[in-house]
Amino acid sequence: MVVNLLSQMSESFWSSDVWLPPGVTWKDIEPNDQNPIAYPRFSDIWYPVLFSFGLTFLRLLFEKYVFFPLGIASGLRPVRPWKGQAPDNPTLEKAYLVARKGRLNYKQIQGLAKQLDWTERQVERWIRMRRMMDRPSTLVKFMECGWRFSYYGFVFAYGVWTLWDKDWLWDINNCWYTFPHQGVTNDIWWYYMIELSFYWSLLFSMFEDIKRKDFWEMLIHHFVTIILLVLSWTCNLVRAGTLVLVIHDCADIFLEMAKMMKYIKWQKTCDVLFGIFTVTWICSRLVVYPFWFLYSTCIGAKEIVPMFPAYYIFNSLLLLLLLLHVIWTYFILKVLYRAILSGQMEKDSRSSSSEDFSEDNSKSGNSSASPTTPSKRLPANSISQQSREHKNSK
């Protein structure tokens, strides 16, 4: 019963009337020995899920054996700031982990203080120091950016090399001529599999990586990208997919390298790279992507390919990507504006508050601080303000 229901749902979802042009069925683009066209296989989309684990292992190797020693040689410290500041306390540790990294309200603070026979101020101070322990060191951020810089540099070079002799790179209308009867070569197969593997690995690792203000935007971006890649592979919209990939990879190279230079305090190099990144980003994602690629998918393709429902699904997702580009451009221009005012690039405005903490601050902190020892360098938070307001109301 359940199997039949799932089978019917699958057949309805993958109806050729939805995903393929009129008059074309899945059998028409099914790979077989008699057909000279090497169509993409739907079963291939499972390879990237497995490859993503290998890519994650490769990332660990790069971070440990390439960017860790490179960061050390550049003067970064291999320790987390404020490590060991908060004394061991199982009760507070449990409350801290349950309450989403110590985001406790006043009543919870009050209850813990009574349970431990501490003052509320002592509990608040312990929580602040415990948060400091979770903040990543500059070296960790440097290694994370180093891995992404390596990947984007490699995959963009490979993408350009792969597409250089492809006719649709020079005339985008070749994405639609003869569609969907278009073959996939080995280099295109690997290009798609590598890219899809990377986005799967990003989706798996982003919950452990450094959290940024645009966490949800990035989560949506990864989901949309994976959906686009999987569906475009299934429907053989691979040519258009390769153009989206190569357009999106070029700017990120300069962004990750600029961050690396920022972390090792090569400020002038950082400013130059960030300027190159800003120009590249705007040209690729707000000029080339909408006025060349989206113009072709939304207008040019309609004159060549008979319309079908999936056409509107793909274009909706592509327009959602454009919306994300506009949001990120706002963040970038904020950084650029601050850089002009201050004379140098400040921190990435996408970064969370955890990245505002610098290792220089930890050098001047009191390593023997305890919940009963106030620290002037610890910023007051909303909890302490809430506590004072509650007392004043009494």
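Which residues does the UniProt annotation "transmembrane region" cover? According to that unreviewed entry, the answer is 45-62, 138-161, 188-207, 214-234, 270-292 and 312-337; UniProt positions follow the numbering used here, feature names are shortened, and annotations may be inferred rather than shown by experiment. This is a predicted model, in which local features need pLDDT of at least 70 and side-chain atom pairs count only at pLDDT 80 or more, while totals for chains, interfaces and linings use all residues. Residues are numbered from 1 along each chain as its sequence is written, and side-chain values use heavy atoms, leaving out hydrogens and water.

Let's start with the overall fold. The protein has 15 helices and zero strands, taken as DSSP runs numbered from the N terminus (helices: H or I, at least four residues; strands: E, at least two). Of the 394 residues, 49% are buried, meaning under 20% relative accessible area, with exposed over 50% and partly exposed in between (1.4 Å probe, protein chains only).

Now turn to the loop between H8 and H9, where you will find Thr178. Thr178 has a positive phi of about 65° although it is not a glycine, and it is exposed, at 53% relative accessible area. Pro180 lies in this loop too, between helix H8 (167-170) and helix H9 (186-205), and the peptide bond from Phe179 to Pro180 is cis, with omega near 5°.

Asn236, in the loop between H10 and H11, also has a positive phi of about 65°, but Asn236 is buried, at 2%.
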